[in-house]
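Reader: I have the model open and want to go through it a piece at a time. Can you take my questions as they come?

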Amino acid sequence: MAKLEALKPVLMLSPHLDDAVFSCGHFLMAHPSTIVVTVLAGAPEVTHEGYNSKTTGKTYAPDAIKVRRDEDLHAMNSLGATPIWLDLLDSDYAAYRPATNYVEVMRHEIARVLDETRPGSVFAPLGLIHSDHLAVSEACRTLMSEYALTWYLYMDLPYGLASRITVSKRLRAFRQRADLVAFDGYDAEPGLKQRVMSLYETQYEQTRQNYRKRFDATTRGAERYWRVENPL
Ligand SMILES: [Zn+2]
């Protein structure tokens, strides 16, 4: 397999405030100045009990998301990356989303960011396990033929290590509409990725407990990438 040489500027789409680093930490270390767009980084102005309040200890949603944005800012600064946070809601706040097709809303907002930033390469999640990851991936899939940029997919981690079948299914879905070229992952000094991941203090232990062995492999790398060619 070839080494991935992405055309700059590089823009990476992250469903939540941690996914880009968990899934692509080694890539981000090798490509400082990547723009990382977290799609579902907004909060409704309500008090809410759920995943975000449980992990951050903040029941007022804007406070919970502020904690998570601060963690992301810290991690992005340590990587030399630039964060962009879209004000869309993750599934924890699904009750507060408008009663419209939310994938369409994501698609519209991602298109606006692409118009404004004009990247050379765009990295999108393969879209595994979590409904938000699938939604962001689908929003990107519909943009691939519209924006003549170099598109890549990355394997969502640790999800991709937990379900090989889901990885194969999503690759098959993409291959019906495009050719995919697989690339080697990136190696880096042991412990470096783990250190950046641990900056997401409210998410690190929770995700580790949920995924155990897969999480340990994620901290060491385990990254996978595909280039999308001839999208329909
Ligand atoms: Zn996520």
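Reader: Where is His 133 placed?
Author: His 133 sits in helix H5. Helices here are DSSP runs of H or I with at least four residues, strands are runs of E with at least two, and both are numbered from the N terminus. This is a predicted model, in which local features need pLDDT of at least 70, side-chain atom pairs count only at pLDDT 80 or more, and totals for chains, interfaces and linings use all residues. Residues are numbered from 1 along each chain as its sequence is written, and side-chain values use heavy atoms, with hydrogens and water left out.

Reader: Is His 133 buried or exposed?
Author: His 133 is buried, and its relative accessible area is 1%. Buried means under 20% relative accessible area, exposed means over 50%, and partly exposed is in between, with a 1.4 Å probe and protein chains only.

Reader: What does His 133 touch, not counting residues up to four places away in sequence?
Author: With those left out, His 133 touches Pro 15, His 16, Asp 19, Pro 125, Gly 127, Leu 128, Asp 156 and Tyr 159. Contact means heavy atoms within 4.5 Å.

Reader: Pockets next. Which residues lie nearest the centre of the largest pocket?
Author: His 16, Tyr 51, His 130, Tyr 159 and Gln 203 do, out of 19 lining residues. The space in this pocket is about 290 Å³. The search uses a 1 Å grid over the protein atoms alone: a pocket is an open set of points with protein on both sides within 12 Å along at least five of seven lines, a cavity is a set where a 1.4 Å probe fits but cannot get out, and lining residues have an atom within 4 Å of a point. Points are joined across faces, edges and corners, and a volume is the space filled by probe spheres set on them.

Reader: Which helices supply at least two residues of that lining?
Author: Helix H1 (19-30), helix H5 (131-141) and helix H9 (201-211) each do. H9 gives the largest share, 4 residues.

Reader: How do the lining residues of the largest pocket divide?
Author: Into 6 nonpolar, 7 polar and 6 charged. Ala, Val, Leu, Ile, Met, Phe, Trp, Tyr, Cys and Pro count as nonpolar, Asp, Glu, Lys and Arg as charged, and the others, Gly among them, as polar.

Reader: And how many cavities of 30 Å³ or more are in the whole structure?
Author: The search finds 1. The largest cavity has a volume of about 30 Å³, and its lining is Arg 141, Met 144, Phe 174, Arg 177, Ala 178, Pro 231 and Leu 232. By class that is 5 nonpolar, no polar and 2 charged residues.

Reader: Back to helices. Which residues of H10 are buried?
Author: In H10, residues 213-220, the buried ones are Phe 215, Thr 218 and Thr 219. Seen down the helix axis, they fall within an arc of 100°, so they line one face of H10. The arc is that of the directions from the helix axis to the C-beta atoms.

Reader: What do the buried residues of H10 pack against?
Author: H1, helix H6 (159-162), helix H8 (192-197) and H9. The face turned away from the buried side carries the exposed residues Lys 213 and Arg 220.

Reader: What comes after H10?
Author: Gly 221, with a positive phi near 140°. Ala 222 is in the loop between H10 and strand E7 (225-229). Ala 222 also has a positive phi, of about 60°, although it is not a glycine.

Reader: Which members of the largest nonpolar core touch the most other members?
Author: Val 39, Met 106, Trp 151 and Leu 153, in a core of 43 residues. A nonpolar core is a set of buried Ala, Val, Leu, Ile, Met, Phe, Trp, Tyr and Cys residues joined through side-chain atoms within 4.5 Å. The largest share of this core, 6 residues, comes from helix H4 (residues 102-117).

Reader: Last one. Which peptide bonds are cis?
Author: The bond from Lys 8 to Pro 9 is cis, with omega near -5°. The bond from Leu 157 to Pro 158 is cis too, with omega near 5°.
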